[in-house]
Each structure stands twice: as structure tokens, then as C-alpha cells.
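Thank you all for coming; I would like to walk you through one interface. Please have a look at the structure first, and then we can go through the contacts.

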Amino acid sequence: MNCKEINILLPEFMDGKLDSRQQQEVREHMEGCPHCSRELQEMQGFLSFLGKVPEVEVPADMAEEFALMMEAAENRSKGHVRFLPTWTKIAAAVVFVAGTFLMGYLSGVYKGNSVQQQMASDLSAQKQQLLLASLRDYTGPQKIEAVYTVSNTMEVSNDLVDALVNTMNRDKNANVRLAAIMALSGMIEKDGRVKEELIRSLAIQEDPLLQISLIQVLTEKGIREARQPIENITNNEKTDAHVKAFAKDMIKAII
Amino acid sequence: MMEKSSDERLMKQLAAGEMKAASLLYDRHHRHVYNYFVRMTRDSDASRDLTQNVFLKVIRYANSWRDDKVFLPWLFRIARNIMVDHFRGAQRFYQLEDEPEIILRDKEDAVRSSELNEAVGFLMEAMAKLPPGYRELIELNRFQGFSYKEIALTTDSSENTVRVRTFRAIQKLKEIYAQMIVD
């Protein structure tokens, strides 16, 4: 190997990463070449200096911020899953029994279309009441599933929006409240009241994760009326620093 | 004592939906990724966001993880793609001149001295004057401890090209640094 080829190997030579044959070849070359020997010394000094460069300190709250982001991402991804919890099977059984009765009733006694529609409508209302009741009666993970199932199964109605808004603002469990926010966010275009309720909720939520989720939903949907309430959050000295930073970014970028 | 899972094993777990694996990978590597961004961009605020973004992408891309991959080069491929995307719009990456607002932490207490801090300041300035491609090779090889083979995997290059270019990058950095000391 010539000097140029030897020099290219110097960093690996110093790091001890050459194979024994190459290591030996470099060593022998150094013995007979003052130029390369000087180059080796200089390189050694410089690489040793690079090795002393201190690490840059990571901001203290970065890991916490990432944990929060992960939680939000996880919850969002769960929002795409359609759950079929035990209670829906019970509800299905009720509907099935009622439906069987209805079919027999219709075939045996009445055959008019209007009656059939009336009965179907009653049954649908009964089913909806059962679904809405689940939002009151279930707790924890079952309730999260209930929120998603209700929002995926039912037509958007005043009763449904009321039930979800109530859950979003009052449920004791932050994850359940988050599920309600995500469910409501899918209904913004279908019912004008949903937008108002989400904006109103900005002043109610105190959990940073929920504040971030609301801000994200409202800014991503480009809802201008949310600007002032979001600014109020950023100006509130009690607001978490991550939420403030997130709100500032989102307002700039989206609204 | 429980055996420490390899990064690759953790990725497999993450691909199977175990989010805890993402936290472990983050704990192990976010400092390195953050340092990479700070030294490449000299912007600590942007580096923070870029780092978080890298690990969110790790979670997002976990489904595409294959057993024949090696984690660190894969992680830094994501990091460099994110960095290129971040700077592409404003073409700011090639024009960065601001002083970095960064806090340095010593590897060993004994090495802390004002002389060293001054020398490191000069070195960081010299790094900023290197072409970004050279800066990245110094970063990956000298600061992140990547082998030439790992750098080749990260940068889609050949091991020999990396060997030659890294040597040139070190030489260039040495020259710029020496010139700064003289001036």
C-alpha cells in the first residue's frame, strides 16, 4: 500500500478495527515513513480530542413529552378499532328476541307496511336507548368501548350528542373522556352543536392530554371560532407548558 | 439478572403491538438522536421536535420491520430523512450560522475545564463550516461510534466510499479547526 492508501486506514488503525494483517501492514509502513508517522501522530491527537467532546444535554422534560405523545397516538389508533364488547352481545340478544317476536307478530296478525315501520322504529329506539344506557352504566375500559360502539353504530342525534358531551365533560376517567372527544370529532360535520360543545369543553378540561386532543381536533378541522378559547388556554398561567407550546404551534400552523 | 433485550428484539415486540418496547427504545437512544440533530443543525429547539418525530415514526413504521434489519442504521436513516425534510423547504440546512443554544455535559467530570469548553466551541464552529455530508460522517463515525459498515447501511453507500470520505472529512475538519485556532 502507498502512503495515501495507508492514511485512509488511519482512523480504523487507531480504533483497532483493522484485521491483523492490515494492522501489521500499517505498523510496518510507519516504521519506514516519517511523513505518515507524523500524520498518524496528528490524527491521534485530533481523534482523541474529538473523543473528549461532551455530550449535549437533553432537555429534562423530553421523555415525559414523548410519553404523552405516545399515549395520545395509542388512543387515536384505538379509535379506529371497532369493538364488540360483551354488552353488545346482550343488546344483540335483546334485539334478536324482540325481532323474533316482531316477525311472528307481523306474519300472524298484521301485514301493513305502516305497522311494520312503526315497530321497526320502536325497536331501533329501544336499541338506541340500550346503547345510550351503556354510557351511563359501564365503567373504565368497557365504557371506552361503549363510546366507540355507540358512535359507530348510532345515527347522530340530540340524545347521542348529549350523552357523548356529558361523557366528555364529566366522566371521572380521562381515557373515557378522550374517547368521547375522538367520537365527537367525527361528528363535527354532521351536527353543528358538536363544534360548539368541543369549543366549550376547552374551558372545562384540565387534563393536559385532553386539552391537547381538543386543540388538535379543533385546529385540524380549521375551526376559527376555537382560536380565542385556545389563546385563553395559552394565556392561563396554570396551563401545562406542553399544552401551551402545542397550542401555539397548532394555532400558527392550522387556523 | 434479566437479560437486556436487543434493539432488534424490541422492534419485533413493538411490531406485535407492545408499546412498552417503544418506551425502552426511546430511553436507550433518544439522547443519541438528539445529539445527532443538535450537532447537525445547531438548533436545539428544532432538534427536540425532530427527535420526538423520529421515535413517533419508529412506532408508525414498526409494522414494516423485518428480522434482517439492524436497528441503529435503520433509526438513523429515519433521522436523516426527517432532517432533510425539515430543511428542504427553506433550504436552511446549508445556511445555518446561528450560535447553538446548547448545554454540554461532560463524559467524565475530570475533563471539564474552560480550556476544553473553548476548544469544543471552536470545534463546533469548525463542524458547522464542513459540508453537511462530511459533517454527518464525522457525527456518525466519531460521535455516534458507527462502524463504516453501519454508516454505509445508514447512508445507502458502500463501505469503501464511506472509508475514503470519512478520512477526507476528518482531514478537512482538522484543517478548518487548525485555521481557526491560528486566527
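Between chain A and chain B there are seven salt bridges, each being a side-chain nitrogen of Lys or Arg within 4 Å of a carboxyl oxygen of Asp or Glu. One of them joins Arg31(B) to Glu55(A), with the closest N and O atoms 2.7 Å apart. This is a predicted model, in which local features need pLDDT of at least 70 and side-chain atom pairs count only at pLDDT 80 or more, while totals for chains, interfaces and linings use all residues. Residues are numbered from 1 along each chain as its sequence is written, chains are lettered from A and ligands numbered from 1 in the order in which they are written, and side-chain values use heavy atoms, with hydrogens and water left out.

Turning to the interface as a whole, chain A brings 32 residues and chain B brings 40 residues to the contact, where contact means heavy atoms within 4.5 Å. The two chains bury about 3,700 Å² between them, with 68% of it on carbon and sulfur atoms; buried area here is the accessible area (1.4 Å probe) that two parts lose on being put together, summed over both. Which three residues supply more than any others of the area that chain A buries against chain B? They are Glu55(A), Val56(A) and Phe66(A), which supply 19% of that area, and Glu55(A) is also the residue in the salt bridge with Arg31(B).
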